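Here is a short report on aromatic contacts. Please keep the sequence and the 3D view open while reading.

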Amino acid sequence: MALDLLQVSPPGPSYICLGGFTVLFSLVSLLIKEKFYVNEVVLGTVFGITIGPFVTNIFAPRSWGSLNNTITLEVMRIVLVVGLFAAGVELPRAYMKKHAKSLLVMVVPTMAFGWVVVAAIIHVLFPRLDYISALCIAACLTPTDPVTCAAITHGEFAKKHVPEDIRHILLAEAAANDGLAYPFLSISIYLTIETSVRTAIGKWFLVGWLYQVILGTTLGAVVGILFSKLMNISHKQGFLNHRSYIAQYLALPIFTMGIASTIGADDLLAAFAAGCAISWDGHFYKQTENDAFSSVIDYVLNCCCFIYIGAWLPFHAYDSPEYGITPWKLVLLVIAIMVLRRIPFLLAVYKLVPEIKCWQEALFSGHFGKQLFCVFVASLSRVSESFFVSALALAHLPTPENPPADQAQYLAATIQPIVSFVVLGSIIIHGLSIPFFNVGRIARSRTTSLSNTSTDVADPIC
């Protein structure tokens, strides 16, 4: 009788693992995050790998069959839009307008440079992928993202060691270029699946730019401005309290995402635009700046998201000679991307960005600005964003046969193994960069000075 009441279903152990990690990490989060500078992104991913199919097989997202890609896409979508909205809110008043020139340099040409360079590296290492297919994979690895960027824009380490101008410009860049992955991805997919180059470019301009990017940004800005004015009016009339403002951190980005995704516009840019617009006059940020709710939401979502990612990683696909994928090629790809994707270009153009004052800051921005959902510390090489865009790409590509019948099927079979390994490498490299960087600073400071005094101003990088 008692045994009949024991119902062990797949969701049960998953809930135990997801909730249990968050609860246990919370007990020591201050020590781990502020003393050792290791965050939930790194530990969550490691925990996800441990409970995933590669180790204990307690939590196996890939066992969900045909729903696997859809669930992955939506999990990443929700985490990203909430993070992007929060990034827009937390930027200073009218920041995007005041720093438009710097952002133009940091976003468009930097992304384009990284896109073509990474595609060339992929094409050389995996010659069975033509350059157009390599561009499609590179589009998944091009954006930076605000979730992992939080490691160098928030927290004790950021306040002590990262200048405020650098923190703001990296956060704004990470948020702005998230949604701009759509045009890079769409042109690659259209060139892959369309028979005519003219048709592909036409669809890319009309759909990729005008409809998705321009409409998505406009939609988000309109929603943000509208709700900003409505909340100001309601506030003056005494119709809403502090909790009503806090609720918008979760409700408004999901509402904006729902509208944008329903009509096929860029929901990531829409969420960021809504966050910028609702706090454009500073009123919304003033009402919420001393509240920790948004940080709590980000914390819980990050824990669950990266546990999911760790369990989702396709370790079995990292050694697939039939597709030309081998571990040593993937390792070389990670190293090449870390060195060549952003750093050379930013070192060349940093003088055009007033917020970056020297080559050391350009080097720092190039390393830690890499693909932001790539990991907490400068982020996950764009973990969430990389997974989101790769899942989005799969939604537009044919189901691969074995062996693949054409280039589109070969791309569909290889895109997630390559992207996910780069994400894993980025989590490891970026996740351990700040701890090692901090150890180096401590060792250097002890050998050069025994009388440093504490200050609230960040130490200069230059």
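## Overview

This is a predicted model. Searching the whole structure turns up 15 aromatic pairs. Two of them are described here in turn.

## Tyrosine 245 and phenylalanine 284

Tyrosine 245 pairs with phenylalanine 284.

Tyrosine 245 has 1% relative accessibility, so it counts as buried. Phenylalanine 284 is at 2%, so it is buried too.

## Tyrosine 318 and phenylalanine 421

How are the rings of tyrosine 318 and phenylalanine 421 arranged? Their planes stand at 80°, with centres 5.1 Å apart, so this pair is edge-to-face.

Tyrosine 318 sits in the loop between α16 (293–312) and α17 (327–340). Phenylalanine 421 is in helix α21 (residues 407–448), so the pair ties together parts 103 residues apart in sequence. Tyrosine 318 and phenylalanine 421 are both buried.

## Cluster and charge over a ring

One aromatic cluster is made up of Phe21, Phe25, Phe47 and Tyr299.

Arginine 62 contacts an aromatic ring in another way. Its charged end sits over the ring of tryptophan 312. The distance to the ring centre is 4.0 Å.

Notes. Residues are numbered from 1 along each chain as its sequence is written. This is a predicted model: local features need pLDDT of at least 70, side-chain atom pairs count only at pLDDT 80 or more; totals for chains, interfaces and linings use all residues. Side-chain values use heavy atoms; hydrogens and water are left out. Rings of Phe, Tyr and Trp (its six-membered ring) pair if their centres lie within 6.5 Å; planes under 30 degrees apart count as stacked, over 60 as edge-to-face and the rest as tilted. Buried means under 20% relative accessible area, exposed over 50%, partly exposed in between (1.4 Å probe, protein chains only). Helices (H or I, at least four residues) and strands (E, at least two) are DSSP runs, numbered from the N terminus. A charge sits over a ring if NZ of Lys or CZ of Arg is within 6 Å of the ring centre and within 35 degrees of the ring normal.
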